Amino acid sequence: MAQPRVSMRRLCRLIPSQNSTLYASRTNPRWQSLKCLPRNSQRLLHTSPTLALPSGDKVTGQKLREEWAQYSQFPSASKAADFVEGNKVTVHGFLLRRRVKSSRLVFADIQVENGPSVQVTSTFKEDGSPEQLVTKALRAVPLYSPVCVTGTVAQLHGNRIDLDLDAIQPLNAFPKDIIVSEGVQFPASARHLQIRFSDPLRSRLLARPKIGFQLRKTLNDLDFTEVETPLLFKSTPEGAREFLVPTRRRGLAYALPQSPQQYKQILMSSGIRGYYQFARCFRDEDLRADRQPEFTQLDLEMGFATGEDVMRTVETLVSQLLHALNAQFSLVRQGDDIYPVPKRDLTNNESTEISDLQWPEPTAPFLQLTYDEAMTKFGIDKPDLRIPFELHRVDHVLPAQFISMITHTKQPIVEAFRIRPQFDGETATPGTIAEFVDKLMDQLPKPLANNPDGAPAALMFNSKKPLCGLSSLGFEGFDALTSMEAFSDLEDGDVLVFQARKNAPFQGEGSTALGVTRTHFYRSFVSAGLLPQSFDLKFLWVVNFPMFTPDDGIDPGQGGQAGFKATHHPFTAPLTEADVELLATDPLKARADHYDLVVNGVELGGGSRRIHLSSMQEYVMRSILKMTDAGLAQFSHLLEALRAGCPPHAGFALGFDRLVAILTHTDSVRDVIAFPKSMKGEDLTVKSPSKMTAQQLETYHLAIAKKEEGTKQEV
C-alpha cells in the first residue's frame, strides 16, 4: 500500500517548536502517531533542527513551571476589616490608570470590583533601594493587566483608599494589540471587553442580581416556595413558535418551554399554595430591542386566589423593590448615560457625577384601565402615561373633504392629538418647530408612512396664518374642532396630528397607527429638547382584554379551526359569568380575567386567573378553538391535573430582563444580559448557532431540506 504524502507546511502545523507549551519528549505517546508518516518525513523529523521532536528538555520544563508560578501563586486579598490606616493589606484588581509624576513618583488606580476605588503611590529616594525596584515594577506592568497589590494603608477617604505600594505582582499581561482609549467601542464579538471597559454596562450587570435578590426576599417573606421546572418540555400549541431539541430516538424531540405555564398549574393541583421561580423561557419570535429568543421571567402562581390577589402581591413586590433600590444604590451620570452604582462604591471618577435622581416609589393600588379604555385614549394596550396628551375622536367635526385627503378608507374613524412643545425663545421658536415637524413627517417609520388607512397628517397652530394654520379644515371644520374641549385652548406652536382607521371594534390588537405615532412624536420631541424628559415611573394595570383574537397569520396560535386564537393563552379564565355565557354564543365578545402590568409604555408582565375546571378547559379547546383530538391530547397531562380537584388559582409572569432595563435606565434588554443575542438571534461572542455536521444529522435522524426543490437531502 502506498505511503500517504504529507506536505512540509502540514508538518510545520503539526509539530510544536521547542518554545511551545506543547513541547514534549520524542517518546511521549502523543507523538507515536507520527510513525505513520512516510520514511522520508520521519528521517526529516530526526535530522532537521527546526522540525526535531521534543527531547525532554528539563530546562524548558523548569522555565514553564516558573512562569506559571509567577502568574498563579499570589496572596489572598485582605478582608474589609483589615483596611485601617497603618495596616499592610493586599488587594486584587486591574491596573486601570497610571500617572508618572516624575522618575521617583508614580500614582496608579486599581479597579476593584464591588469595592471602593484604590489609589497606590510608589516613591523612592535612593537608587537601588527596594522602593525603587517596586516603582520600576509598577511602571513595567501593562495597563489593564490583572494585578495583586500589597501596600500600607496611608489614608481612607470614604469610598477611596490610598495605599503606599510595597509590592505589585502581575497575574497576566494585557496585550498591546488591544487598543483602549476613552470612549472606545468594542464589537459585540468582544463582549468581555465591552463589559470590562464600559462602566454603565458592567454596573447594570452587577445591579441585576441585587434586584433579583430583593424580589426573592419579598416572595420568601410572603411564604412562596421556589420550585424549578424542567427545560426539556414537550411541544404544545400555547401561542408562540417553539425551539425543538431533537433526540437520538427517531422522530422524537423535546421543546424548550415558552414559559412554565403548564407546570405551575400542575403544581397548584399538587397542593403548593404559592410558587415562584426565575424561569428561563424560549420563543422563536422576531427580535427587537426589548425581546430575546431566550429570556428570564419571574414566574409566580397562587392557589385559592383571584386576579386581584395576584395584582396586590405584584404591587408589593414592586414597591418594596424600589424602596430597597433607593436605600442601596445611587444613580450616576456619565455623559448621556444614567446607571445605578452601590452607594458604598461611589468614587471620585471625573467622568461620572452623582445625580439627584431617585426611583419613584409608587403608591398601591396602581391605576387600572380596561383594554378598551387604553386603546381609545392612547391607541395602545401598554400606554405611556408620561406622555401629556391623549387621543380624541374628531371625524364627526371634520369636513368630508379633509377626511378624503388623509385616507381612502370608507366611513373611517378619525382621531387626533395635540402636542404642545416648550419654547426657549432662541433655538425653539415656532419656525424651528415647524421645520422639525416637517422633517419628522418626512422620516416617518415605514409602517406609519405606508399605513393602508393613510399616513398621519400634522398641522401647526399659528395665529399669524389664515385660520391659524388650519385652513385645510375649512371654516366650519376649524370652528367645530376648536369648540371641542380638548382643542379649545390652542396656542401658537401647538401641533395637531390626525390619523384615520377602520371603523371596527378593538379585537385584541396591541395598538393603532395613531397610538404608535403618539409615542413616536413624544420620544422625538423629548430627544430634540422640545418636551422635558421624565424619569418618573408610571405604573398601571391594563385589564379586561378580549379572551380571543382573530388569527393574523403570524403567530401559530393553538392550531384550531375556529379562525381565532386565545389572546394570551388558552388557560385564561372568563372575566364574569356573563362572559362564560358568551363562550357559547359569541366568543369574540367574551372578556378574559387577564391583567398586564405596564410602566412607561413597556409591558413588564402579564397574568390571569386560570381555568381550573377540567371540563371548562376542554370545552374551550375543543368546542371554541376547534382544536383537533391530536391537539387536545397534547394537553392531556394538564387536563388530568385539573380533574384531580385543582383549586382556583391565578398567576403572573414578570419580564425580569425588561424590569432590570427600565430600573437601570436603558432602552435595550441587551444592556442587562451578559451574553445577549443579536437581531438575527446570533451569539456573536461564541458564534452560535453553528451549522450541524453530517454526523450530527445522522445521530438525530435529521435531514436538510433543499430550499429550491422543497425536498429533503438525506444524510
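User: Which residue in S4 is the bridge partner of His92?

Analyst: Strands of a sheet pair through backbone hydrogen bonds, either parallel or antiparallel. In this predicted model, His92 has Cys148 as its bridge partner in S4. That pair belongs to the pairing of strand S1 (residues 88-102) with strand S4 (residues 146-157), which are antiparallel and joined by seven bridges.

User: In what order do the five strands close into a barrel?

Analyst: The order is S1-S2-S3-S5-S4, with mixed pairing. On average, neighbouring strands of this sheet are turned by 50° against each other, direction ignored.

User: Which strands does helix H4 lie across?

Analyst: Helix H4 (residues 130-140) lies across S1, S2 (105-111), S3 (117-123) and S5 (160-170). Relative to S5, H4 runs at about 90°.

User: How should I read a pair of helices, and at what angle do the axes of H11 and H14 cross?

Analyst: Two packed helices are described by the angle between their axes and the distance between the axes. For H11 (residues 430-442) and H14 (residues 513-527), the axes come within 12 Å and cross at roughly 130°. The two helices are therefore oblique to each other. Their crossing is right-handed.

User: Which residues make the contact?

Analyst: H11 contributes Phe436, Val437, Leu440 and Met441. From H14 come His520, Phe521, Ser524 and Phe525.

User: How many residues in the contact of H11 with H14 are nonpolar, polar or charged?

Analyst: By class, this contact has six nonpolar and two polar residues, and no charged ones.

How values were computed: Residues are numbered from 1 along each chain as its sequence is written. This is a predicted model: local features need pLDDT of at least 70, side-chain atom pairs count only at pLDDT 80 or more; totals for chains, interfaces and linings use all residues. Side-chain values use heavy atoms; hydrogens and water are left out. Two strands pair if DSSP finds at least two bridges between them. Helices (H or I, at least four residues) and strands (E, at least two) are DSSP runs, numbered from the N terminus. Axes are lines fitted to C-alpha atoms, for helices over the stretch in contact, and angles run from 0 to 180 degrees between N-to-C directions. Contact means heavy atoms within 4.5 Å. Angles under 35 degrees count as roughly parallel, over 145 as roughly antiparallel, 65 to 115 as roughly perpendicular and the rest as oblique. A crossing is left-handed if the near helix is turned anticlockwise from the far one by less than a right angle, and right-handed if clockwise. Ala, Val, Leu, Ile, Met, Phe, Trp, Tyr, Cys and Pro count as nonpolar, Asp, Glu, Lys and Arg as charged, and the others, Gly among them, as polar.
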